[in-house]
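Hi everyone, thanks for coming. Today I'd like to walk you through one structure, so let's get it up on the screen.

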Amino acid sequence: MTSARTGTPADRTAATHSPELRAAAARLGRRRFLTVTGAAAALAFAVNLPTAGTASAAELDAAKIKSDPFTLGVGSGDPQPTSVLLWTRLAPSPYESDSGLPRTRVSVRWEVAHDERFTRVTRRGTATAHPEFDHSVHVEVPGLDADRFYFYRFRVGSWISPVGRTRTAPALSANIAELKLAAVSCQAYHDGYFTAYKHLAAEDLDVVVHLGDYLYEYAVTAVGGARNYTDRRLPAHYNRETITLEDYRLRYGLYKSDPDLMAAHAAHPFV
Ligand SMILES: [Fe+2]
């Protein structure tokens, strides 16, 4: 992982926002501004529903999804003694602005099992992927046992996601002799490959603590910066600084499409 500074002036970041938000950004500075807006987004995700009045009415027939929507893998996080958060995002075309989906809701089934082959499923349900959230899915799974591994996956129509593994936290009363955690930070896509995550995915860990930065706003060239792709080209919309919500969603998609980062998310819960 490399380290670099983002250092973009707050007034430029907020250029596309309302006068109130621009003023707030100027007062708080950019980092703080993003934290505040991020907190609002987290609150919205807590119930996994768009703001009242914006919910899309139509629901997509999953049979119309013609290519794998699970291109960005799966992840889990915020492990508690009896619950864990599961994540995925539907993106048949992860490098396009609409991710290859119409602006309709999509029903996503999920299941959690004790074993990797899902012969002993302990929890299952259905979640809705909303276009307002770029078809991301957050499921807080309750009723789990403390301090144990679980396996999870998602399904849309006939498409099945990769299997993820997660681990619940120990009980609050547990006498903990040891805890195995990894700390990661500062992953810059344009500075090179995420091979450290490949190793991390193979480690025996209880949880990964991500200290940020999860992404960088710098332009990423068509060859992926220092990755210097010879077999593919990234769309031109990555080759500019990340400013708008759409820019950020594209940038998250780009990072999440990295196979090593995907493997780490599928192997361990992140905080
Ligand atoms: Fe950093």
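**A metal site and its surroundings**

Let's start with a spacing pattern: the donor residues of the iron ion follow C-x26-D-x2-Y in sequence. Please keep in mind that this is a predicted model.

Which residues are those that coordinate the iron ion? They are Cys186, through SG, Asp213, through OD, and Tyr216, through OH, at 2.2 to 2.4 Å. Now, are aspartate 213 and tyrosine 216 buried or exposed? Buried means under 20% relative accessible area. Aspartate 213 has 15%, so it counts as buried, and tyrosine 216, at 0%, is buried as well.

Next, please find strand S9, residues 181-184. In a regular strand, side chains alternate between the two faces of the sheet.

S9 runs parallel to strand S10, residues 207-210, and four bridges join the two. If you look for leucine 181, its bridge partner in S10 is valine 207.

Last stop: arginine 233, in the loop between S10 and helix H5. Arginine 233 has a relative accessibility of 54%, so it counts as exposed. Still, it has contacts: leaving out residues up to four places away in sequence, arginine 233 touches Ala222 and Val223. Its side chain also reaches the backbone oxygen of tyrosine 229, at 3.0 Å.

Key. Residues numbered from 1 in each chain as written. Predicted model: local features only at pLDDT ≥ 70, side-chain atom pairs only at ≥ 80, totals over all residues. Heavy atoms only, no water. Buried < 20%, exposed > 50% of the residue type's maximum accessible area, 1.4 Å probe, protein only. Pairing = 2+ DSSP bridges. Donors = N, O, S within 2.8 Å, 3.2 Å for Na, K, Ca; no water. Contact = heavy atoms within 4.5 Å. Polar contact = N/O pair within 3.5 Å; in protein donor to acceptor, adjacent residues only side chain to side chain.
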